[in-house]
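Here's a quick briefing to read with the model open beside you.

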Amino acid sequence: MFKNNRNNNFNEAMLSVDDALNRVLKNINKLDSELVSIIDSLDRVLSENIFSHVNVPYANNSAMDGYAVKANNLKTASSLTPIKLKVIDSIKAGDAPKSKLEDFTVIRIMTGSAIPEGADAVLPFEYTKEEIFDSEKNISYVTIIEKVLSGDYIRLSGKDVKEGEKVLNEGTVLRPPEIGLLASIGINKVNVIRKPIVSILSTGDELIEPGEAYSEYMTYDSNTSLIVASVLKCGGTPRVLGLARDDIQSVNEKLSLASGSDLLITTAGVSKGDYDIVKDVLSEKGSIDFWSVNMKPGKPLAFGNLDLGEGKLIPHLGLPGNPVSASVTFEQFGRNIIMKMLGKELSKNIINAVLDEPIYNLEGKRTYFRVIIEIKEGVYRAKLTGDQSSNLLTSLVNANGLAICPENIQKKDIGDTIEVQMLY
Ligand code: AMP
Ligand code: MG
């Protein structure tokens, strides 16, 4: 779909956010998989079905600390008619039962211990009086003041997981319980979709690195750090290419560091004034489609392919330079690219909120307003974080959501409902 736009023949038609996203995602594939330790598998997507080779629990075992008993020996036991039985053995968790339970005897047993042959119930300590040791006979007796029924307090083998059973499906996102389950069936490594390596390049003659002494008229590069953090948040592995100046050689030099990555994200150099640098370099080293997306903030957006050499193309997303625009467009495009590479559902995270102040949208664009969402009397309420200029990063810092005003709506009043994409 990408033309080599050597003649500056860019497709500048204004695309809707949805159409632009569809065009981007058509070029994105799920990545291949890798074997990782379950300790490193949180939030990863399984790329195999998981079957169990064991029963969990392994054997019938006790749900309580108490005594393994034959239930029909205790039929008459009560606090008024207690019965006294001989304790013939004791089993702790992990032990193989040594003795077989004979009639009118009990075996002391701890939670998780295997049920000995001959027993059909566990009598909790709470249903007994203390055990008495007869030192002359070298025997202990326990007094039983309440009965149990056959099967009581026994956890059956295979109740949680049966040997041979499929326990997790390919495509499952691993949360803490799934990781615990894998461990419970003895699995310590799983195949999951690889994390995309995302190369990040900020461009601009005016940029200096945080940590450097400030020099007049320069701007600290906030986009690199912001996009690194955003990539981490979605489960990608960021790789910082550094700062490129607004010249072809500098951009080229930095792009040579992108080899082995799965996605390139650049910021700046895509607005009308100076997008030529990113365009020139990328149209030589692959192909680029430059779009105006009908959204605010973030109208200019570049998408294409970077040729890493030897025919390996990776997608390139060129975000606008203003930090708020870079962040808002990342959340619509970059996040979904990474989600698709990871084999995950696309991210929506939308709630409905009631506006606490009016909003105006006179340019016919889909507009993302930075808002603070609070719950008042059980209802989400939205209010703006103030001035919505796209260079004001503090207006995003103060926000926890982006209220989305559709392109065809010019005004929403106090009390109107609006969709809000919750952030981070
Ligand atoms: P541009 O897209 O290059 O025209 O940049 C638009 C605005 O974003 C300018 O004010 C730039 O100084 C600013 N900008 C571009 N890149 C960055 C960056 N990495 N960090 C902070 N501001 C930036
Ligand atoms: Mg610039």
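By class, seven nonpolar, twelve polar and four charged residues make up the lining of the second largest pocket. Keep in mind that this is a predicted model. The second largest pocket is also the space that ligand 1 takes, and its volume comes to about 360 Å³.

**The second largest pocket**

- There are 23 residues lining the second largest pocket, and the closest to its centre are Glu206, Asn223, Ala268, Gly321 and Asn322.
- Which elements give two or more residues to this lining? They are strand E14 (197–203), strand E16 (219–220) and H6.

**Ligand 1 and its shell**

- Ligand 1 has 15 residues around it, with Glu206, Asp221, Ser222, Ser271 and Gly321 the closest.
- Sorted by class, that shell holds four nonpolar, eight polar and three charged residues.
- Glu206 puts a polar side-chain atom 2.5 Å from an oxygen atom of ligand 1.
- Ser222 comes in through its backbone: one of its polar backbone atoms is 3.0 Å from a nitrogen atom of ligand 1.
- Asn223 uses its side chain instead, where an N or O atom sits 3.3 Å from a nitrogen atom of ligand 1.
- How much of ligand 1 does the protein bury? On its own the ligand exposes 480 Å², and the protein buries 79% of that.

**The largest pocket**

- The largest pocket has a volume of about 450 Å³.
- Its lining counts 19 residues, and Asp18, Gln332, Lys348, Ile350 and Arg366 are the closest to its centre.
- Two or more lining residues come from each of helix H1 (17–25), helix H6 (323–342), strand E25 (366–376) and strand E29 (417–422).
- That puts H6 on the list of contributors for the largest pocket and on the list for the second largest pocket.
- The lining of the largest pocket splits into eight nonpolar, four polar and seven charged residues.

**The cavity**

- How many cavities of 30 Å³ or more does a search of the whole structure find? The answer is one.
- The largest cavity holds about 30 Å³ of space.
- Its lining is made of Leu201, Thr203, Val251, Leu255, Leu264, Thr266, Val278 and Leu282.
- E14, helix H4 (248–255), strand E18 (263–267) and helix H5 (276–284) each give two or more residues to that lining.
- By class, the cavity lining has six nonpolar and two polar residues, and no charged ones.

- As a reminder, most peptide bonds are trans, and most residues other than glycine have a negative phi.
- Val56 and Pro57 are joined by a cis peptide bond, with omega about -5°.
- You'll find Pro57 in the loop between strand E3 (50–51) and strand E4 (61–62).
- Lys296 and Pro297 are also joined by a cis peptide bond, and omega there is about -5°.
- Pro297 belongs to the loop between strand E20 (295–296) and strand E21 (300–307).
- Tyr217 isn't a glycine, yet its phi is positive, at about 70°.

Note on methods: Residues are numbered from 1 along each chain as its sequence is written. Chains are lettered from A and ligands numbered from 1 in the order in which they are written. This is a predicted model: local features need pLDDT of at least 70, side-chain atom pairs count only at pLDDT 80 or more; totals for chains, interfaces and linings use all residues. Side-chain values use heavy atoms; hydrogens and water are left out. A residue is near a molecule or strand if one of its heavy atoms lies within 4 Å of it. A polar contact is a pair of N or O atoms within 3.5 Å; within protein, one must be able to donate a hydrogen and the other to accept it, and residues adjacent in sequence count only if both atoms are side-chain atoms. Accessible areas come from the Shrake-Rupley method with a 1.4 Å probe; for residues, only the protein chains shown count as cover. On a 1 Å grid over the protein atoms alone, a cavity is a set of points where a 1.4 Å probe fits but cannot get out, and a pocket is an open set with protein on both sides within 12 Å along at least five of seven lines; lining residues have an atom within 4 Å of a point. A molecule sits in a cavity or pocket if more than half of its atoms lie within 2 Å of its grid points. Ala, Val, Leu, Ile, Met, Phe, Trp, Tyr, Cys and Pro count as nonpolar, Asp, Glu, Lys and Arg as charged, and the others, Gly among them, as polar. Grid points are joined across faces, edges and corners, and a volume is the space filled by probe spheres set on the points. Helices (H or I, at least four residues) and strands (E, at least two) are DSSP runs, numbered from the N terminus.
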